[in-house]
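Welcome, and please take a look at the sequence and the fold below.

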Amino acid sequence: MKVIGFTGNYGTEAGTLQSYLMADSSILYSGRPFFVPDFAQRFVATPAIVVRTSRLGKCIAPKFAHRYWDALTAAFSVVAQNSDRPALSALDRAFDGAAIVGDWVEVSSLTDALHEPVEVTVDGTVVSRHCLADMCKPLDDLLAGVSTRCSIKMGDLLFTGDTAPGCALAPGMRLAATIAGRQVLDVKVKL
């Protein structure tokens, strides 16, 4: 399984997208606490909408890309930051627990998966309310583009882009999200 992510894609120009990869050990599922590591000065969590791929594919045409994912959820991508080293290394995004992923909502259970609202809160305050249709680069194009460089396999996760600016994590914070009013993410930040 791969975790492929993009920065931007909501409220920015599609040409400014940057991609990154995370290890499968980076995934932290909802309900489990995020323990703030001690290897960086601060950790910034950025909300995202994530889709799960459902079949094998390579060089997928955009018009068929909708057939290659079956579920979505809300998530946070966590980045380690140090003031003495402003440039990110690959491990600043791919450490254990850096991909906080909510419970999956099957596309078949939604009326219109591209337009279902995904609402993300930090300590009870809404920080993002978007849907997949809000992306600057459509999901079909994003998935098709990824598939030209590497095979898409069943269970791969695609972080579609940052839906809001990130927030620095501190012990005691609560990260939560809903899709179409259903709770999909609830994570407490601990030391």
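About 160 Å³ of space lies in the second largest pocket. Here a pocket is an open set of points on a 1 Å grid over the protein atoms alone, where a 1.4 Å probe fits and protein lies on both sides within 12 Å along at least five of seven lines. Lining residues have an atom within 4 Å of a point, and a volume is the space filled by probe spheres set on the points, which are joined across faces, edges and corners.

Before going further, a word on the source: this is a predicted model, in which local features need pLDDT of at least 70, side-chain atom pairs count only at pLDDT 80 or more, and totals for chains, interfaces and linings use all residues. Residues are numbered from 1 along each chain as its sequence is written, and side-chain values use heavy atoms, with hydrogens and water left out.

Strands (E, at least two residues) and helices (H or I, at least four) are DSSP runs, numbered from the N terminus.

The lining of the largest pocket consists of I4, F6, L17, S19, Y20, L21, K137, L142, G145, V146, R149 and C150. Two or more of these residues come from each of β1 (3-7), β2 (18-22) and α2 (139-147).

In the table, Ala, Val, Leu, Ile, Met, Phe, Trp, Tyr, Cys and Pro count as nonpolar, Asp, Glu, Lys and Arg as charged, and the others, Gly among them, as polar.

| Pocket | Volume | Lining residues by kind |
|---|---|---|
| Largest pocket | about 270 Å³ | eight nonpolar, two polar, two charged |
| Second largest pocket | about 160 Å³ | four nonpolar, four polar, one charged |

The largest nonpolar core has 58 residues, and F34, L72, I100, L132, L158, F159 and L169 have the most contacts inside it. Such a core is a set of buried Ala, Val, Leu, Ile, Met, Phe, Trp, Tyr and Cys residues joined through side-chain atoms within 4.5 Å. Buried means under 20% relative accessible area, exposed over 50%, and partly exposed in between (1.4 Å probe, protein chains only). In soluble globular proteins, nonpolar side chains tend to be buried together.

In α2, the buried residues are L139, L142, L143, A144, V146 and S147. They pack against β1, β5, β6 and β11 (157-162), where contact means heavy atoms within 4.5 Å.

**Two loop residues**

Y68 sits in the loop between β5 (42-53) and β6 (69-81). Is Y68 buried or exposed? Its relative accessible area is 14%, so Y68 is buried. Beyond residues up to four places away in sequence, Y68 touches R52, T53, S54, R55, L56, G57, I60 and L143.

T163 belongs to the loop between β11 and β12 (167-168), and its 7% relative accessibility makes it buried. Setting aside neighbours within four places in sequence, T163 is in contact with Y10, P47, A48, I49, S128 and H130.

**Cysteines**

How many disulfides does the structure hold? It holds zero, a disulfide being a pair of cysteine sulfur atoms within 2.5 Å. For C131, the closest cysteine sulfur is in C136, 12 Å away, so the two are too far apart for a bond. C131 is buried at 10% relative accessible area, while C167 is partly exposed at 23%.
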